[in-house]
Amino acid sequence: MSVENDKILTEVTQNEYKYGFTTSIETELIPKGINEDVVRLISAKKEEPEWMLEFRLKAYRHWLTMKMPKWPHLKLPEIDFQDVIYYAAPRKKPKYDSIDEVDPELIDTFNRLGIPLDEQKHLAGVAVDAVMDSVSVKTTFRETLAELGIIFCSFSEAVKEHPDLVKKYMGSVVPYTDNFFATLNSAVFSDGSFCYIPKGVRCPMELSTYFRINAANTGQFERTLIVASDDSYVSYLEGCTAPMRDENQLHAAIVEIIAHDNAEVKYSTVQNWYPGDKNGKGGIYNFVTKRGICKGDNSKISWTQVETGSAITWKYPSCILKGNNTTSEFYSVAVTNNHQQADTGTKMIHIGKNSKSTIISKGISAGLSQNSYRGLVKVLKSADGARNFTQCDSMLLGDKCGAHTFPYLEIDNESAIIEHEATTSKIGEDQIFYCNQRGLDTENAIGLIINGYAKEVLNKLPMEFAVEAQKLLQISLEGSVG
Amino acid sequence: MLEIKNLHANIEGKEILKGIDLIVKPGEVHAIMGPNGSGKSTLASVLAGRDIFEVTDGSVSFLGKDILDLPPEDRARMGMFLGFQYPVEIPGVSMVNFMKAAINEHRKYNNLDPLSASDFLKLMREKKEIVEITSTLTNRSVNEGFSGGEKKKNEIFQMAMLDPKLAILDETDSGLDIDALRIVASGVNKLRTQHNATIVITHYQRLLDHIVPDFVHVLYKGRIVKSSGKELALELEEKGYEWIKEQY
Ligand SMILES: Nc1ncnc2c1ncn2[C@@H]1O[C@H](COP(=O)(O)OP(=O)(O)O)[C@@H](O)[C@H]1O
Ligand SMILES: [Mg+2]
């Protein structure tokens with residue numbers, strides 16, 4: 001790029017984080033820090049059965065033996081886990097039967113985020129579970145879904161109302177011993193969504209969970225569990241935002257997906273946690289464990305993610321392809337700007353015969369950020385005819401940022417066919433000038449080129465999200481080029 | 001329409017344009033010829049506002065306005081179009097989206113509302129016919145995987161869509177077979193009016209059989225060394241550039 005462009009590139013980010021407001025709502029907090037009493041307190045607040053508390057305590061005790069992982073390509077700050085508040089809830093009634101009972105401040109908050117909780121006003125065809133801090137605020141369209149036998153509710157409710165399902169599946173994909181952050185989550189998780197699609201049912205609407213961190217100094221630890229029975233289908237969306245705060249906030253979530261015979265689950269995320277300011281102050285630390293299992297034959301799980309937020313992202317939505325003829329896809333766009341760091345990718349574990357996986361990862365780095373793709377493709381001896389295609393592209397805006405790829409292959413079956421393609425590109429001065437010459441200013445040109453670059457992934461998002469995500473990409477890079 | 005006075009421009013400290021003077025009036029077609037490396041593309045880029053070139057002296061006025069301080073997008077919106085010698089590929093960006101964005105930026109500049117989807121598609125259809133370009137091209141990403149000839153046709157298609165006051169076509173004929181050349185030239189001719197002007201940069205006389213210029217200029221070593229009527233092109237075709245090189 002020319003000197004001129006370089007200069008423009010350094011005038012990074014006047015970008016305003018649009019969701020940075022806070023809601024003044026009465027919040028119930030528990031004291032800072034973590035110990036067995038805190039774990040018991042959280043469980044008690046949630047009026048949980050004994051088995052749930054046992055699960056938490058087992059996880060907590062295991063966590064004490066663990067250390068934070070050092071392997072990601074991240075500058076990980078020391079996190080003082082005793083300085084975090086592990087439970088925060090809007091003080092009013094934690095669950096509402098009708099919209100009239102919800103605190104107007106809360107309704108207003110979600111309205112401002114474009115998530116109306118009022119079913120009348122809601123986007124046709126999207127059911128929402130809104131989670132603020134540690135508590136699920138409202139789940140829309142429950143009755144409509146219940147008629148089909150679909151369960152869509154908060155995790156806390158599921159623990160009470162569908163204990164057998166929760167007991168059977170919780171921790172079956174991400175065991176409580178899995179990794180430092182997953183184990184911490186298993187001990188202190190607050191709320192999240194639970195979704196169960198019965199045999200043969202095609203869920204007629206998009207299900208979505210919308211996470212919002214509001215309270216200061218708190219961590220958010222939610223858990224999502226999706227079970228798709230034989231021959232069922234569901235498409236699931238997840239969105240997240242947080243206020244702008246100077247201190248860092250911790251987010252450590254778990255998502256587990258189980259797909260039985262012939263079932264298909266599509267999971268899409270638009271992750272837009274507060275990324276911190278342009279000097280790298282504040283922002284969410286996002287340590288997430290997402291994993292699905294294609295348990296039954298011919299089942300399919302696809303992960304699509306658009307990652308624009310968080311100061312630090314550590315996240316590898318993965319899939320265990322256990323059944324025969326199973327399919328998994330991972331489509332990702334990760335944008336980092338300013339001082340953001342992302343270490344993200346996927347793991348595809350092939351166990352079943354003729355299992356197929358596709359990985360399309362598009363990294364975009366700007367400012368002083370670091371963006372890494374880390375992906376594992378593992379083919380076990382049993383996986384005759386396994387196939388993987390990986391395409392891993394990086395785009396750099398400016399020369400002060402970094403892009404890295406760490407592909408790992410562990411292939412134990414000679415019939416496996418594994419393909420890997422990787423590219424690194426820059427937005428060319430000639431491309432920008434070409435757009436300029438057609439009347440587009442540079443900001444628009446970059447937006448257009450970036451969206452073109454990420455198109456393969458954006459196309460996988462449900463319509464309602466795709467437009468939003470396109471705008472988000474452009475906003476996230478605003479100011480990173482003239 | 002366009003008035004260039006004593007234009008000097010550098011790239012990386014090296015002077016490429018060494019005092020260009022040129023006046024273009026509405027309705028005129030000017031041909032600029034000259035050996036490789038003379039500065040023809042540089043002149044086109046400088047007029048369009050590419051910032052890798054540094055203007056060190058002189059002035060350029062377009063439609064009565066001094067444009068050297070304007071960013072390239074404003075010059076484009078005023079009605080200056082550059083047909084690139086080497087059109088770039090923009091992967092993943094469909095021609096339709098690209099053109100829609102471009103047209104609407106031009107309209108916004110002229111205080112017009114954005115075109116409706118149906119009007120836009122109608123315009124696309126109309127203009128596609130002029131350059132005999134097929135939907136298989138306009139449905140693809142901008143120039144991605146286009147052959148050399150397709151890229152050039154696509155430039156003329158974009159010119160037709162944007163309806164510029166001044167079109168600068170940089171070697172639009174190079175790499176074209178006879179049929180493509182005829183199509184491109186007839187596209188340019190169809191778009192010609194009393195109110196717009198064209199600068200055709202070319203290496204060969206053959207394009208000028210189809211697009212008949214009012215003036216022919218020879219650019220050599222950063223200067224216009226000879227200007228004349230269309231007969232100059234024939235002379236160059238016959239004698240090559242050697243005699244020019246010897247003289248200057
Ligand atoms: N991007 C560039 N960087 C460095 N030198 C350049 C660049 N573009 C053109 N030049 C130089 O400018 C001179 C004129 O080039 P150009 O305008 O492309 O000539 P023409 O179009 O007449 O063939 C050549 O010496 C060329 O090497
Ligand atoms: Mg040239």
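At what distance does a backbone N or O atom of B:Ser38 lie from an oxygen atom of ligand 1? In this predicted model, in which local features need pLDDT of at least 70, side-chain atom pairs count only at pLDDT 80 or more, and totals for chains, interfaces and linings use all residues, that distance is 3.2 Å. Residues are numbered from 1 along each chain as its sequence is written, chains are lettered from A and ligands numbered from 1 in the order of writing, and side-chain values use heavy atoms, with hydrogens and water left out.

A backbone N or O atom of B:Gly37 lies 2.8 Å from an oxygen atom of the ligand, and a polar backbone atom of B:Ser41 is 2.9 Å from an oxygen atom of ligand 1. Of the 560 Å² of accessible area that ligand 1 has on its own, the protein covers 66% (Shrake-Rupley method, 1.4 Å probe; for residues, only the protein chains shown count as cover).

The shell around ligand 1, for which a residue needs a heavy atom within 4 Å, includes B:Ile11, B:Glu12, B:Pro35 and B:Lys40. It divides into 3 nonpolar, 6 polar and 3 charged residues, where Ala, Val, Leu, Ile, Met, Phe, Trp, Tyr, Cys and Pro count as nonpolar, Asp, Glu, Lys and Arg as charged, and the others, Gly among them, as polar. Strand E2 (14-24) and helix H1 (40-48) of chain B each supply at least two residues of this shell, and H1(B) gives the most, with 3 residues; helices (H or I, at least four residues) and strands (E, at least two) are DSSP runs numbered from the N terminus.

Over all chains, the structure holds 19 aromatic pairs (rings of Phe, Tyr and Trp, the last by its six-membered ring, with centres within 6.5 Å; planes under 30 degrees apart are stacked, over 60 edge-to-face and the rest tilted). A:Tyr434 and B:Phe98 form a stacked pair, 5.9 Å centre to centre with 10° between the planes. Because A:Tyr434 lies in helix H9 (residues 429-437) of chain A and B:Phe98 in helix H3 (residues 95-109) of chain B, the pair joins two chains. A:Tyr434 counts as buried at 0% relative accessibility, and B:Phe98 likewise counts as buried at 0% (buried is under 20% relative accessible area, exposed over 50%, partly exposed in between; 1.4 Å probe, protein chains only).

Key
Polar contact = N/O pair within 3.5 Å; in protein donor to acceptor, adjacent residues only side chain to side chain.
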